[in-house]
Amino acid sequence: MTEKKLENTSIYYWINDTKVGSAIIFIHPAFANHTCFDTQLDYFRDYRVITIDLIGHGKSIGKGSIEDTARYINQIMEIEKIDKINLVGVSIGAVLVQDFANQYPSKVSSLTCIGGYDNNNFDKHLQKGNTKQQIKMMLKAMFSIKVFAEDNKKISAYTNEAQEKFYQMNLEFKKSSFRHFATLSKLVNKYKTPKRDYPLLIGVGEYDNDMAKKASIIWHESEPNSEYVEFYGAGHIVNMDTPEQFNRVVKRVIR
């Protein structure tokens, strides 16, 4: 993978050397970075694969707004001469790839959202059950990133291997980057769902929290042409817990 920096931004991205085949961009969950998709790189080596560090994560430290991620993706596509792309997002990544699909529907080949919710028809009452836990986790992070990382790995990942890797990524997350999450609410219920001329895959881990499961099912039921998959043996970050199953399922919708 070749490392590149998006001009006039703080965004870093990585792209493989494949010059033909469909393009895929993988967008990581909060507190992680592009390396959480390392187990996808070899499997999808025949595709043009792009990974990215979201603003406030990994190497993408500096000025910028996470709500501008769709624009950053579009800029990357223009630089790499990509007309249409397969979008794959996990957790917060699922929110951000939907925003791209809302803004640039003609540039979408497929949309895969894991552990997310429907941006355009989100019932905020679903979130109430998680609010106290999120506040508690934020306070822990302000006190100690190490304590936060230890707890967050258990909430996010199910397997020991995924927990350890996610823990190490969380340790690198800077407290100052929490501010970037504040603008995510601007992406909720902002657009009407476009007519989808591409496959939509909605997935959730077997051991993810009840809110994530319920939100995924509600979304799938509202879009009958979508595909819904529950990944057995996985928590919230499915691609790290069960990479082989994740890879096979995602490949089904790649166009």
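Predicted model: local features only at pLDDT ≥ 70, side-chain atom pairs only at ≥ 80, totals over all residues.
Colleague: Which residues of helix H2 are buried?

Modeller: Helices are DSSP runs (H or I) of at least four residues and strands are runs (E) of at least two, numbered from the N terminus. Buried means under 20% relative accessible area, exposed over 50%, and partly exposed in between, with a 1.4 Å probe and protein chains only. In H2 (residues 69–79), the buried residues are Thr69, Ala70, Tyr72, Ile73, Asn74, Ile76 and Met77. They pack against strands E2 (12–15), E3, E4 (48–53) and E5 (85–90), and against helix H3 (92–103).

Colleague: How do H2 and H3 pack, and at what angle?

Modeller: Axes are lines fitted to C-alpha atoms, for helices over the stretch in contact, and angles run from 0 to 180 degrees between N-to-C directions. Here the angle is about 70°, with the axes 8 Å apart. That makes H2 roughly perpendicular to H3, a label for angles of 65 to 115 degrees; under 35 is roughly parallel, over 145 roughly antiparallel, and the rest oblique. On the H2 side the contact (heavy atoms within 4.5 Å) is made by Thr69, Ala70, Ile73, Asn74 and Met77, and on the H3 side by Leu96, Asp99, Phe100 and Gln103.

Colleague: Why might charged side chains pair up?

Modeller: Side chains of opposite charge can pair when their charged atoms come close. A salt bridge is a side-chain nitrogen of Lys or Arg within 4 Å of a carboxyl oxygen of Asp or Glu. By this rule there are 12 salt bridges here.

Colleague: Where does the salt bridge between glutamate 223 and arginine 196 sit, and is each residue buried or exposed?

Modeller: Their side chains meet at 2.7 Å, N to O. Glutamate 223 is in the loop between helix H7 (210–222) and strand E8 (227–231), and arginine 196 in the loop between helix H6 (160–171) and strand E7 (200–205), 27 residues apart. Glutamate 223 is buried because its relative accessibility is 14%, and arginine 196 is buried at 18%.

Colleague: Which residues are linked in a network of salt bridges?

Modeller: Lys4, Arg48 and Glu80 are linked that way.

Methods. Residues numbered from 1 in each chain as written. Heavy atoms only, no water.
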